[in-house]
Amino acid sequence: MAVAIARRLADGETVAVGSVSPIPASAALLARETHAPRARLILLGSPEHFPFTGGMQEFYNFAMRGKLDVFFGSGAQIDQHGSFNLSVIGDPGRPTVRLPGGRAQGVLPFVVRRTILFRTNHSRRVFVPRVDFVTAPGSTPEGVYRLGGLDAVVSDLGILRFHPERRRLELESLFPGVTLEEMQARTGFPLHAPPPAPVTPAPTARELELLRSVVRERLVAVYPEFVRQTAAE
Amino acid sequence: MNALQAGVMNVPFVPVRGLLHTDYMRVRPDFLEMRNPYDPAEPIAVVPAIAPDVAVFHGLRGDHAGNVITTVTTDAKLIAQAARRVVATVEEVVDGDLAREPHVGALVPGIHVTAVVRAPHGAHPTGCAGRYGDDADHIREYLRAAQADDTFRAYLERYVRGTRDHADYLREVGRDRAVLERA
């Protein structure tokens, strides 16, 4: 997943990673080691990768002015229209789960050029026909101030890309070894895929080597728990 | 963030980018959509200002004039200006004038601060950048306890109501040694 995300980042872009996002953080660090050495990284929660002096306020104002190329999100629920939910599961009045997604994701997907969602455990529980609560809409009517939108969802099975004209998620590629049937069985809405379904190029030996060496070394300062757990696996 | 900024400016509401066509507009009756008065073609969300009665934040160092150094990633200065009364807990209280000394971190000027309280390890169970990390075991324990009312009550009884003071709390969570070693 980290490799697939890294390849979506371009050199020179300004990329910000939220505070509980070790996979995108790995991806951004990896991209800097490979094809995007001049990418500017902002890792929220890490003072070493935080180029502001005025707190999150300064970061948000920076984003509001359209200065972020890429921001990441997870998604408790993601639907076929590219809307995602990081707020509440169930009836908002009596939710079964409350999540903290609104602060960033209620505003950033409007002003950041590309939002990339990452999601482990690709399942029908996550990929639903319609989200219970729209934290961020896939598309908005004309006239609403919107500088960018959803680029893609990267899961543990493959990549779904948001098509802005058709306003829906479509299969971009399957990770090696994953079949379209398998992904469809674990997706709660019909998958639109070009036949035959494209396959994501496998991670190269160099990408894997970098992930396990320099990226891991940098990541340990920011996400000690994640590095400890992935090293144990 | 914008709402706190409005609190800082003592204005009643603030326009916010985003939010339109999200369900926040549905579940928050105080979030409203209006027309930009300077460009009526543009719809924009407005939210009411937040001006807390009391703000509490944790910093690295504080001095006797109320100046506090925090990590650069927090919004302590914003919160301190929005609130009427401001309490800063700090890892250490120092002599001298933090506002006049070179420092690493963000300065919250003492003019915004009502009280500075020495509380080593005061961010526990979360971390304090540059000093100590998150206490993942304790956060896991809290998450387990928060699953049900009775276990949560037991958690509060043991760590919050059952501890006399901050030092007692640190002993109970097994962190007193870390503090002693640094002192």
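In this predicted model, E172(B) counts as partly exposed, at 33% relative accessibility, and R158(B), likewise partly exposed, has a relative accessibility of 41%. E172(B) forms a salt bridge with R158(B), in which the closest N and O atoms are 2.7 Å apart. Because R158(B) belongs to helix α5 (residues 149-161) of chain B and E172(B) to helix α6 (residues 166-172) of chain B, the pair ties together parts that are 14 residues apart in sequence.

Over all chains, a search of the whole structure finds 24 salt bridges. Among them is the pair of E207(A) and R7(A), which joins helix α7 (residues 205-222) of chain A to the loop between α1 (2-6) and β1 (14-17) of chain A, so that parts 200 residues apart in sequence are tied together. Another is formed by D53(B) and R84(B); D53(B) lies in the loop between β3 (39-48) and β4 of chain B, and R84(B) in the loop between α3 (76-82) and β6 (85-94) of chain B. The accessibility of these four residues is as follows.

| Residue | Relative accessible area | Class |
|---|---|---|
| E207(A) | 11% | buried |
| R7(A) | 32% | partly exposed |
| D53(B) | 46% | partly exposed |
| R84(B) | 60% | exposed |

In chain A, a network of salt bridges links R8(A), E13(A), R114(A), D151(A) and E172(A).

Chain B also holds an open sheet of five strands with mixed pairing, in the order β7-β5-β4-β6-β8, whose edge strands, β7 (106-108) and β8 (115-118), each pair on one side only. From one strand to the next, the twist averages 45°. Within this chain, strands β4 (residues 54-63) and β5 (residues 68-70) pair in the antiparallel sense over two bridges, and V68(B) in β5(B) is the bridge partner of G62(B).

Terms used: Residues numbered from 1 in each chain as written. Chains lettered and ligands numbered in written order. Predicted model: local features only at pLDDT ≥ 70, side-chain atom pairs only at ≥ 80, totals over all residues. Heavy atoms only, no water. Pairing = 2+ DSSP bridges. Helix = DSSP H or I, 4+ residues; strand = E, 2+ residues; numbered from the N terminus. Axes fitted to C-alpha atoms, helices over the stretch in contact; angles between N-to-C directions. Salt bridge = Lys/Arg side-chain N within 4 Å of Asp/Glu carboxyl O. Buried < 20%, exposed > 50% of the residue type's maximum accessible area, 1.4 Å probe, protein only.
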